[in-house]
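Please look over the sequence and the model shown below before reading on. The report that follows goes through a few places in the chain one after another.

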Amino acid sequence: HFFALTLKMSGANAPVSLPQVPQDDGDCDHLDVAVLPNIVLPMAEDTLPPKPVRLAELTHTPTLIFVYPGVDASGENTPTAAAQPPEAQGCAAQAAGFRDLHQEFQQLGVRVVGLSTQPSEEQHQFRTRLGLPFSLLSDSELGVTKALRLPTYDVEGQTLLKRMVWFCECGRIMKIFYPVFPPGQSADTALRWVRRNQRRQQARAQLVKFPVASPFRLAVNDSFYISDITFADKAAYLEHFKVKEIHLFTEYIPFPYTEEDAESWVNNVRAMTLKQGYSTRWAIRRASDNFLIGGVSLADLRIGSSRAAEIGGWVAKPFWGHGLATDVVRAILGFGFSDEIGLQRIYAYVFPDNAASLRLLEKCGFQVEARLRRGHKRDDQISDVILLAKLKDEK
């Protein structure tokens, strides 16, 4: 029967427009964990004119963005369906799928929005016709399309986006669905993934013991403590990093420091925390007002497997010379060498001319192990660095 069916389908009466399942052409490979640009886009809602929103800020919290080629007010694809590739069709069915499951996404704490290159006026008409309960973002000026190098179609003089679905959080694309087929089932596929992902995160959080589980808090002394970095800390970074001396003695803090630098840093830290289930880069805060006045980290820390980690950090210039950095290092040593974390060795790299940091670490029991010639990049030069370390059983 199978061969008979095959012969019949290959004859003159065979359908000529069966949809082809699109193949992954690799056009979205570069979007995995991509940082979203903080570009302002008009967002079509219940009334016009559209509300301007910044894409990166919109996706600080869990957000599902379904990217679609475009539809006209009637709910059909635009431009004419005949001019479009077959895989570009089905936008109304895709939008309707997210409409029907919108309440379930809300219950999971996930925002749903659509994105296309159509003008907001056309999106508003389409949204009204289909009764969509979520907003639609317009990239009609192609700012996001160009910044992220999104895959597109050129149809009758218009640039249309290929169909994708992004799960975003912390200003990043954390999961991408591409290609999307059939369009009408993409909402159900995304919903099932969100549920599985939340179950995985909950299970991972249960495996991580309290001392590192987010939210994290570690006392330094009566006046300062260490905790998670938040989106509200961006202004503090901009204020403190006006001082070039901090840049001179660290490897990764740029100068001058821009809003984009702060946005990228906070998004990266939050994304890493989300992925791991715990943080390894923290803020040093003033207890009186919770204001960020420094940072500290244990790079390469993997709970349950790491036996060594690199300590790094900085303190804002007004707090230099008061013993705060010494208290912070001792707090991190106690934390890292605890039975819950299980580190046996904590090490640090210091530039040779950073005499204050060398004295601080030696005061805390670190020993110089080596001078790594041309070991680290510093500005546009390759510089020597001093490697120091402290073992758990050393005083």
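K242 is located in the loop that runs between α8 (234-240) and α9 (244-248), where helices (H or I, at least four residues) and strands (E, at least two) are DSSP runs, numbered from the N terminus. With a relative accessible area of 65%, K242 is exposed; here buried means under 20% relative accessible area, exposed means over 50%, and partly exposed lies in between (1.4 Å probe, protein chains only). Although K242 and F255 are 13 residues apart along the chain, their C-alpha atoms are separated by 7.9 Å.

F255 also takes part in a cis peptide bond, which leads from F255 to P256 with omega near -5°. P256 itself is found in the loop between α9 and α10.

## How the model should be read

This is a predicted model, in which local features need pLDDT of at least 70 and side-chain atom pairs count only at pLDDT 80 or more, while totals for chains, interfaces and linings use all residues. Residues are numbered from 1 along each chain as its sequence is written, and side-chain values use heavy atoms, with hydrogens and water left out.

## The chain as a whole

The chain holds 12 helices and 17 strands, and 47% of its 395 residues count as buried. If one takes the contacts (heavy atoms within 4.5 Å) between residues at least 6 apart in sequence, 64% of them join residues at least 24 apart.

## Helix α10

Helix α10 covers residues 259-276, which is 18 residues, and its span from first C-alpha to last is 26 Å, close to the 26 Å expected at 1.5 Å a residue; the expected span is 1.5 Å times one less than the number of residues. Just after α10 comes G277, which takes a positive phi of about 90°.

## Helices α11 and α12

The axes of helix α11 (residues 324-336) and helix α12 (residues 355-363) come within 10 Å and cross at roughly 45°, axes being lines fitted to C-alpha atoms, for helices over the stretch in contact, with angles that run from 0 to 180 degrees between N-to-C directions. That angle makes α11 oblique to α12, since angles under 35 degrees count as roughly parallel, over 145 as roughly antiparallel, 65 to 115 as roughly perpendicular and the rest as oblique.

On the α11 side the contact is made by A325, T326, V329 and R330, and on the α12 side by L360, L361 and K363. These residues divide into four nonpolar, one polar and two charged, where Ala, Val, Leu, Ile, Met, Phe, Trp, Tyr, Cys and Pro count as nonpolar, Asp, Glu, Lys and Arg as charged, and the others, Gly among them, as polar.

Which residues does H124 contact, leaving aside its neighbours within four places in sequence? H124, which has its place in helix α5 (residues 120-130), is in contact with A44, E45, D46, T47 and L48. At 14% relative accessibility, H124 counts as buried.

L48 is joined to P49 by a cis peptide bond, with omega about 0°, and P49 is placed in the loop between β1 (40-44) and β2 (51-54).

## Two positive phi angles

N290 is not a glycine, yet it has a positive phi of about 65°; N290 lies in the loop between β12 (281-286) and β13 (292-299), and at 42% relative accessibility N290 counts as partly exposed. D300, likewise not a glycine, has a positive phi of about 70°. D300 lies in the loop between β13 and β14 (308-315), and at 46% relative accessibility D300 counts as partly exposed.
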